[in-house]
Amino acid sequence: MGRLRRSRVHNARRDVHRASRTRARARDLDQIKIIDLDPKRRAELEAQPLDFERPGLGQHYCVECAKYYETDAALNSHWRSKVHKRRCKQLKDEPYTIDESERAAGLGREARRPPRVPMQDVVVTVET
């Protein structure tokens with residue numbers, strides 16, 4: 001008689017991993033494009049003061065990806081990577097606006113207002 005197969009149940013570990021994965025969200029593309037890529041803000045992010053809580057004392061930061069790196073070599077390696085190049089390509093596109101998302105959902109401005117009728121087409125009749 002053969003050995004009984006072990007039950008392969010790992011749902012609990014998988015669910016914990018999924019939950020923790022969504023807690024530490026990185027910055028979204030529109031946040032990076034609008035806020036971080038502003039020339040003043042970019043200069044501040046690239047020349048940060050020493051911070052003992054961040055990796056590499058906060059000195060090696062990729063603005064496009066919003067990530068800190070341990071060493072300058074790791075940052076240079078990241079700049080040559082496919083992940084960084086893909087993120088730069090995504091940042092070249094314009095981010096979605098609130099108006100664009102509302103129009104996609106059918107809530108555009110043209111749906112809110114009734115169509116205007118020109119005054120020359122309106123016939124006014126007065127009854128006495």
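These legends go with a set of close-up views of a predicted model. Local features are reported only at pLDDT of at least 70 and side-chain atom pairs only at pLDDT 80 or more, while totals for chains, interfaces and linings use all residues. Numbering starts from 1 along each chain as its sequence is written, and side-chain values use heavy atoms, with hydrogens and water left out.

**View 1. The protein chain has seven helices and two strands.** Helices here are DSSP runs of H or I with at least four residues, strands are E runs of at least two, and numbering goes from the N terminus. Starting at that end, the order is α-α-α-β-β-α-α-α-α. Of the 128 residues, 15% are buried, meaning under 20% relative accessible area with a 1.4 Å probe and protein chains only (exposed is over 50%, partly exposed in between).

**View 2. Helix H2 (residues 29–36) packs on helix H5 (residues 82–92).** Their axes sit 10 Å apart at an angle of about 70°; axes are lines fitted to C-alpha atoms, for helices over the stretch in contact, with angles from 0 to 180 degrees between N-to-C directions. That makes H2 and H5 roughly perpendicular (65 to 115 degrees; under 35 is roughly parallel, over 145 roughly antiparallel, and the rest oblique). From H2 come Leu29, Ile32 and Lys33, which meet Arg87, Gln90, Leu91 and Lys92 of H5, contact being heavy atoms within 4.5 Å.

**View 3. The largest nonpolar core has six residues.** They are Ile32, Leu45, Tyr61, Val63, Ala66 and Leu91; a core is a set of buried Ala, Val, Leu, Ile, Met, Phe, Trp, Tyr and Cys residues joined through side-chain atoms within 4.5 Å. Not counting residues up to four places away in sequence, Ile32 touches Arg27, Leu37, Val63, Glu64, Ala66, Arg87 and Leu91.

**View 4. Asp36 of helix H2 is buried, at 1% relative accessibility.** Beyond its neighbours within four places in sequence, its contacts include Arg27, Arg41 and Arg42, and also Leu45, Tyr61 and Val63.

**View 5. Tyr61 and Tyr68 form a tilted ring pair.** A search of the whole structure turns up one aromatic pair. The ring centres are 4.6 Å apart and the planes lie at 50°, so the pair counts as tilted: rings of Phe, Tyr and Trp (its six-membered ring) pair within 6.5 Å between centres, with planes under 30 degrees apart stacked, over 60 edge-to-face and the rest tilted. Tyr61 is buried at 10% relative accessible area, whereas Tyr68 is partly exposed at 22%.
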